[in-house]
Amino acid sequence: MKYHIVTLGCPKNAVDSEGMDGLLSAEGHEAVASATEADVIIVNTCSFIAAARAETLGVLKELAERKRPDQRLIAAGCMAQSHPAEVAAVQGVDVSLGTQQWTQIGNLVNQLAQSSGSRFAERAFVTIPLIATTANGQPVSYADWRTTQIRRTRHTPSAYLKISDGCNLRCAFCTIPSFKGDMRSKPVGAVLAEAQELVAQGAREIVLVAQHLTDYGRDLGLQDGLATLLEELCQVTPSDIWIRLMYAYPHGINERLIATMASHPQICHYLDMPLQHAHPATLRRMRRPPDTDRTLRLIAELRAAMPDIAIRSTFIVGYPGETTAEFNALLEFLRAAQLDRVGAFRYSREPGTPAAELPDQVRPQVIERRWHELMQVQQQISRARNRRWIGRTLTVLIEGNGVADDGSALSVGRSFRDAPEVDGQVFVWGDFPVGSMVSVKVTQATEYDLWGEAEQQ
Ligand code: SF4
C-alpha cells in the first residue's frame, strides 16, 4: 500500500514517525510525498498543550474531509493515546493507535491491505495488542525494535535517535507519564546498531532524544547509563560525526557524564537541559528539585570542563501561584546563568494534571506580559553570547543552499551550538554541498543566527 505520514509535535514524535516509516517500508509498503497519492494516511498526533491538540484535531478534520472513500486515515501517537474520545469524534478517522502501539503499524497496514475496498468502509477503532507487556500493562522493552528493519530515507544530514521512552518523574504540569508510562530504555546494542545504520545512510549528526535522557539505563540496571552509552557510541561511530544530547534532566548530570562529554570529539559541547523555573517555591509546586544554587554550580562545572559549551533550557511562565517576586527571581536566574539558548512556554492548564487544580492560576494577560519580558531579557543575553563568536571559526554542517537578495550564493547550516529545529542557524556565503562540514569564520551575530565566510579549505 502507499502511505503518507504527517508528523505533528516534537522531535520525539519525529523519531516515532521515522520508526513507522522504517517498519512500513520493510513490509514492502511505499512512502509517497502527499496525502492525495496515499492509500493510508497516518497522522502522528501531538497532545502537548491545548494549542497542539487543537492543531492535531484541525489536521485530522482537514484530511478526513478530503479523504477519498478508498483511503484510510490513522491517528497515531500522543493525542490518540491521551484523548481517544476527542480523536474518535473526528468523522473519517478509521483507526486510532496509541503511543505504545506504533511498532504495530506494519501489522495494521497489512490488515488494511487485506481488507481494502468496501470491506473496511465501516469506521473501526481497533486496539492493536502489544507484543509483550508486564503485569501492569507496560511494554516490556524495545525488544520488538529490529534495527535491521528500519530503512529510513535520509533527506537531511541530521537524524534523531530515541534512546528511551516514558518518564519515571511526575512533574505536576506534565501529562506525558500518564499516557507514556514509566521510562523504558532501548537496549544499548539496539542504540548502537541504529546509530551505525544512520551513519551508513549518510547522517552526519545524531541527536539523542528521550523524555528524560539522563535517566537512561536505570531500568536496564545500568549505573551512569548515559555516560556508558555515549562511550560505546563513540567507539562505533566515526570521529567527525556529531552526537547531540537533548532533554537532560539536571539532577542526572554528574561528573562522569561531564567528563565523557568533554573527552570525546563526537559529542557536541551542547546540552539541552529543561529547567522550567528557577524560584524554589515555584519548583516545589512543580514537583521538581528546588535547589537553584546547585543548578548554577552545575552550569559552572559544565563550562569549566567545556568552555565553549552551548547550554539551552526551557522555562514555563505563569505557572499557578507564580508571584511577581517568583517571576523576577526567574529573570535574575537568567541574568546569572547566561544561557546560550532559551525557550519559554506560556503555562497552559492541562486537565488531569495536579497543576491544573492548584489555586492562584495566573491570568492570561499576566502570563503574556511576563513571557514577553522574559524573552526580551534573554534576547540580550543570547545576542551577547553569539557575539562572542565574531572573529572565531566554527565548523558548520551545511543543510541548504540559496541566493541572497543581490544574487550571491548563500548556504545555511548549523554549528555544534545549534540543535536542529529549535536553535539558530549559520549563514555562509558560497555554495556548499548539503551534508558537508565547512570551516566558517564568523563575521556577524544576531540573537539567534550567525553569519560568516568559509575559510580556505
Ligand atoms: S521530566 Fe519531563 S517528561 Fe518527565 S514528568 Fe517532568 S516534564 Fe514530564
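I'll start at the ligand: the shell around the ligand is made up of seven nonpolar residues, two polar ones and one charged one. Before going further, note that this is a predicted model. The residues around the ligand are Cys-167, Leu-169, Arg-170, Cys-171, Cys-174, Ile-176, Pro-177, Gln-211, His-212 and Tyr-249.

Now the overall layout. The protein chain is divided into domain 1 (2–120), domain 2 (147–387) and domain 3 (393–454). The centres of domain 1 and domain 2, taken over C-alpha atoms, are separated by 28 Å. In the contact between these two, domain 1 takes part with 18 residues and domain 2 with 15 residues. On the domain 1 side, α1 (11–26) and α3 (78–82) each supply at least two residues. Of the elements there, α1 gives the most, with eleven residues. By class, the side of domain 1 that touches domain 2 divides into eight nonpolar, seven polar and three charged residues.

Next, the cores. The largest nonpolar core has 78 residues, and those with the most contacts inside it are Leu-161, Ile-206, Leu-208 and Leu-213.

Take Leu-161 as an example from the 78-residue core. Not counting residues up to four places away in sequence, Leu-161 touches Val-15, Val-191, Glu-194, Ala-195, Leu-198, Ile-206, Val-207 and Leu-208. Two of the residues on that list, Ile-206 and Leu-208, are also named among those with the most contacts inside the core.

Two helices next. Helix α8 (residues 225–236) has twelve residues; at 1.5 Å a residue it should span 16 Å, and its end C-alpha atoms are 17 Å apart, which agrees. Which residues of α8 are buried? They are Gly-225, Leu-226, Ala-227, Leu-229, Leu-230 and Leu-233. As a reminder, an α-helix has 3.6 residues a turn, so residues three or four places apart point the same way. What covers the buried residues of α8 includes β8 (184–185), α7 (188–200), β10 (242–245), α9 (255–263) and β11 (267–272).

The other helix is α13 (residues 364–387), with 24 residues. At 1.5 Å a residue, α13 should span 34 Å, and its end C-alpha atoms are 34 Å apart, which agrees. The buried residues of α13 are Ile-367, Arg-370, Gln-378, Ser-382 and Asn-386. Their cover includes β12 (310–317), α12 (324–337), β13 (341–346), β17 (437–445) and β18 (450–454).

From β12 I picked out Ile-311, which has its place in that strand. Is Ile-311 buried or exposed? Ile-311 counts as buried, because it has 24 C-beta neighbours inside 10 Å. Leaving out residues up to four places away in sequence, Ile-311 touches Leu-271, Met-273, Ile-299, Leu-302, Leu-339 and Asp-340. Ile-311 and Ala-337 are 26 residues apart in sequence and 9.6 Å apart in space, C-alpha to C-alpha.

Apart from its neighbours within four places in sequence, Ile-5 is in contact with Ser-17, Met-20, Asp-21, Ile-42 and Asn-44. From Ile-5 to His-279 there are 274 residues in sequence and 41 Å in space, C-alpha to C-alpha.

Arg-66 is found in helix α2 (residues 50–66). Arg-66 counts as partly exposed, because it has 13 C-beta neighbours inside 10 Å. Arg-66 and Thr-393 are 327 residues apart in sequence and 50 Å apart in space, C-alpha to C-alpha.

Last, two backbone details. Gln-276, in the loop between β11 and α10 (280–285), has a positive phi of about 75° although it is not a glycine. Gln-276 is partly exposed, with 19 other C-beta atoms within 10 Å. Gln-338 is found in the loop between α12 and β13. Its phi is near 50°, a positive value in a residue other than glycine. Gln-338 is partly exposed, with 14 other C-beta atoms within 10 Å.

Methods. Residues are numbered from 1 along each chain as its sequence is written. This is a predicted model: local features need pLDDT of at least 70, side-chain atom pairs count only at pLDDT 80 or more; totals for chains, interfaces and linings use all residues. A residue is near a molecule or strand if its C-beta atom, placed from the backbone, lies within 6 Å of it. Ala, Val, Leu, Ile, Met, Phe, Trp, Tyr, Cys and Pro count as nonpolar, Asp, Glu, Lys and Arg as charged, and the others, Gly among them, as polar. A nonpolar core is a set of buried Ala, Val, Leu, Ile, Met, Phe, Trp, Tyr and Cys residues joined through C-beta atoms within 7 Å. A residue is buried if 20 or more other C-beta atoms lie within 10 Å of its own, exposed if 12 or fewer, and partly exposed in between; C-beta atoms are placed from the backbone. Two residues are in contact if their C-beta atoms, placed from the backbone, lie within 7 Å. Helices (H or I, at least four residues) and strands (E, at least two) are DSSP runs, numbered from the N terminus. The expected span of a helix is 1.5 Å times one less than its number of residues. Domain bounds come from an automatic or database domain assignment.
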